[in-house]
Amino acid sequence: MDKITLKLRGMHCASCASTIESTTRAINGVASSNVNFATEEVAIEYDKQKTNPDAIQKAISAIGYEAVVPDQSEEGKDAEKKARLTESQDLTRKVWTGGVIGAILVFGSIPMMTGLDIPLIPSWLHNPFLQLALALPVQIWCGSSFYIGAWKAFKNHTATMDTLIAVGTLAAFSYSLTVTLNPEFFISQGLKPEVYYEVSVVVITLILLGKLFENRAKGETSEAIRKLMGLQAKTARVLRDGKESDIPIEDVVVGDVVLVRPGEKIPVDGEAIAGNSTVDESMVTGESIPIEKKIGDRVIGATMNKTGSLQIKANHIGKDTVLSQIVNLVQQAQGSKAPIQRLADRVTGWFVPVVISIAIATFVIWFIVMGNVTLATISAVGVLIIACPCALGLAAPTSIMVGTGKGAENGILIKDAGSLELAHKIQTIVLDKTGTLTEGKPTVTDLFAVNKDDDELLKLVASIERNSEHPLAEAVVEYSKQKKIELPEVVDFGAIAGSGVQGKANDLLIQIGTRRWMDELKIDTSELHQYQDSWETGGKTVVLIAIDNVARGLIGIADKVKPSSQTAVAALQRMKIEVVMLTGDNQATAEAIAREVGINRVFAQVRPDQKVAKIKELQAENKIVAMVGDGINDAPALAQSDVGLAIGTGTDVAIAASDITLISGDLQGIVTAIQLSRATISNIQQNLFFAFIYNVAGIPIAAGILYPFFGWLLSPIIAGGAMAFSSVSVVTNALRLRGFQPSTEIKQSK
């Protein structure tokens with residue numbers, strides 16, 4: 001399946017989004033279509049053998065909307081920014097025009113509304129023909145977008161928010177026009193020939209004002225993306241043919257040597273080949289402490305070089321840089337839908353037809369009961385005006401946009417909205433040991449050779465381990481380098497997953513691995529057990545060594561626990577989340593590390609192929625299970641878990657299999673991710689509550705349900721103001737998430 005994201009134009013409300021979704025999903029070959037009303041984009045997954053982007057764009061165009069491929073160039077971004085500014089300026093002009101005219105009409109209508117004769121208000125302001133002349137430009141020019149939108153919806157046999165506004169304002173205007181042209185008819189019916197031009201004008205103005213505020217607020221929800229994109233350096237100083245030159249960042253090619261001075265941004269992802277410095281990587285990792293960089297270390301583009309000068313070999317440029325991938329992931333997450341949004345989408349689908357039905361019923365009941373066409377019309381108009389599907393449509397996506405953006409600011413990449421929502425339900429977190437709880441940089445601490453020749457044993461072991469990519473193997477090889485031992489050639493190398501490695505060196509068969517594997521090979525290791533037990537009790541990982549099927553020694557390797565591990569585990573436990581450690585290490589070593597960090601439940605001696613089974617075992621306890629890991633062997637377990645969290649310092653495979661990536665590798669990121677999820681979902685729930693309650697309460701009140709009890713009838717003007725600001729209040733509430741700050745001080749839940 002191929003994927004495409006299109007920018008939508010002409011979409012005015014959540015009902016428009018629903019129409020576009022249903023239309024595109026009906027296209028043969030389209031597997032899924034998700035419209036994000038907040039970002040004004042549609043993400044479509046399709047089979048290129050059955051359809052193509054042109055056909056999809058034509059289908060959207062046929063129902064009255066425009067869909068274009070977003071232009072990610074600087075020119076495209078400037079054009080989009082300019083278009084948004086133009087829209088804002090147009091709305092501002094219309095709001096001012098409607099506001100001035102509306103104020104005059106309301107001022108002139110005070111005597112009619114209050115029943116009082118106010119000398120300060122000149123009588124000519126009561127003239128219905130003057131009021132008609134004032135209202136007409138607002139009705140035609142300011143309200144044109146609503147009528148065009150309603151006509152589009154009518155042609156597509158649908159109804160949208162534009163339909164409600166168009167019908168409501170036209171009803172008020174048409175009623176007033178009829179009174180103006182034929183007042184005798186109303187007098188003959190025993191009714192006062194009163195006009196309500198101010199209702200139509202003020203309602204249109206208030207809704208446009210709401211759209212203006214909403215337009216500006218929605219722009220603020222994308223602030224995180226703009227901040228990230230603005231971090232990229234614009235130029236780079238490269239060394240070519242022995243000469244330094246400043247060139248645009250777009251002209252840098254892989255392999256270029258880039259010079260970075262103190263205080264400058266690192267322009268590309270690469271490797272330090274000369275110099276020594278510290279680099280502030282907080283924009284990527286959320287970690288404020290600068291990281292020391294020396295020759296051979298990886299550096300990330302857009303981070304800030306602090307103290308020294310560096311020469312960097314460019315390894316990744318353009319869309320392949322970490323920053324570009326972060327921006328891409330955040331945009332994908334912001335365009336996705338959370339399961340909590342499905343209810344709002346379902347309601348939006350039938351919302352407008354139901355409201356129109358209620359408005360018709362309101363008119364009929366008022367007309368039959370009261371015999372007053374004026375009250376019937378005003379009540380029906382109030383119902384049409386106060387209803388607002390947009391608040392429902394904005395409730396979830398705006399919060400998700402802000403939440404995923406805050407995640408990126410804190411070094412947390414969230415793959416989609418579903419993962420963000422599910423994270424707040426996590427009941428059990430499974431932590432891999434090596435590279436997750438520990439630094440992932442093990443070092444050799446102890447070596448015992450039966451024949452007392454430690455260096456000879458180390459030479460044979462390191463020669464075999466040199467062929468392995470396991471972190472423990474790297475520790476052994478590094479130890480041999482420190483002792484400057486020459487390593488012989490190896491043949492017949494083989495790795496046995498979860499057990500160990502073997503190969504031949506100097507015509508000797510060397511086998512290195514676990515006690516369990518040695519037992520399976522029928523190798524007697526009893527004379528090594530006292531050393532093994534002692535070292536493992538101290539939290540060290542022990543590998544046993546056999547040469548030609550005879551036990552010859554063992555090596556103790558320690559992997560330092562990350563400084564954040566104990567704090568993070570304690571914080572998770574205070575959040576009422578069970579923390580479990582999962583490791584291939586033996587029970588004694590695993591329990592020693594678990595004690596150090598405060599974990600009570602341990603799964604030890606688990607082979608890579610058994611990790612998935614352990615996750616399933618926990619899920620069988622009816623728990624929402626998260627898995628945190630960093631290695632290739634963690635990928636299946638990450639995929640099996642309800643929420644997979646990958647340590648960003650780990651492998652690409654693990655990151656690809658995860659739902660959330662912690663870029664810095666700091667376990668505090670787990671706590672932050674869950675806190676952010678809880679804050680975001682709470683924000684969405686608040687938005688949905690306000691949107692639902694607003695409509696559930698507002699529509700009956702507008703219909704006049706309180707009139708028999710209190711004699712109180714909602715003015716369409718008040719209804720228009722409430723409707724206009726309902727969407728603004730939802731977006732404003734979502735923007736509160738921008739103030740989210742992670743905390744390690746989590747109070748004990750009661």
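Predicted model: local features only at pLDDT ≥ 70, side-chain atom pairs only at ≥ 80, totals over all residues.
I take helices (H or I, at least four residues) and strands (E, at least two) as DSSP runs, numbered from the N terminus. Residues are numbered from 1 along each chain as its sequence is written, and side-chain values use heavy atoms, with hydrogens and water left out.

**Entry 1: two loops.** I looked up Asn622 in the loop between α23 (611–619) and β24 (625–629). Its phi is near 60°, a positive value in a residue other than glycine. Most residues other than glycine have a negative phi. I then turned to Lys484, in the loop between α18 (471–482) and β17 (490–496); phi of Lys484 is near 55°, also positive. For accessibility I use a 1.4 Å probe on protein chains only: buried is under 20% relative accessible area, exposed over 50%, and partly exposed in between. Asn622, at 68% relative accessibility, is therefore exposed, and Lys484, at 74%, is exposed as well.

**Entry 2: helix α2.** In α2 (residues 53–62), I find Ile56, Ala59 and Ile60 buried. Seen down the axis, the buried residues fall within an arc of 95° (taken from the directions from the helix axis to the C-beta atoms), so they line one face of the helix. Asp54, Lys58 and Ala62, on the other side, are exposed. Just after α2, Gly64 has a positive phi of about 100°.

**Entry 3: contacts of Ile56.** Leaving aside neighbours within four places in sequence, I list Leu6, Thr24, Ile27, Val30, Ile44, Tyr46 and Thr51 as in contact with Ile56 (heavy atoms within 4.5 Å).
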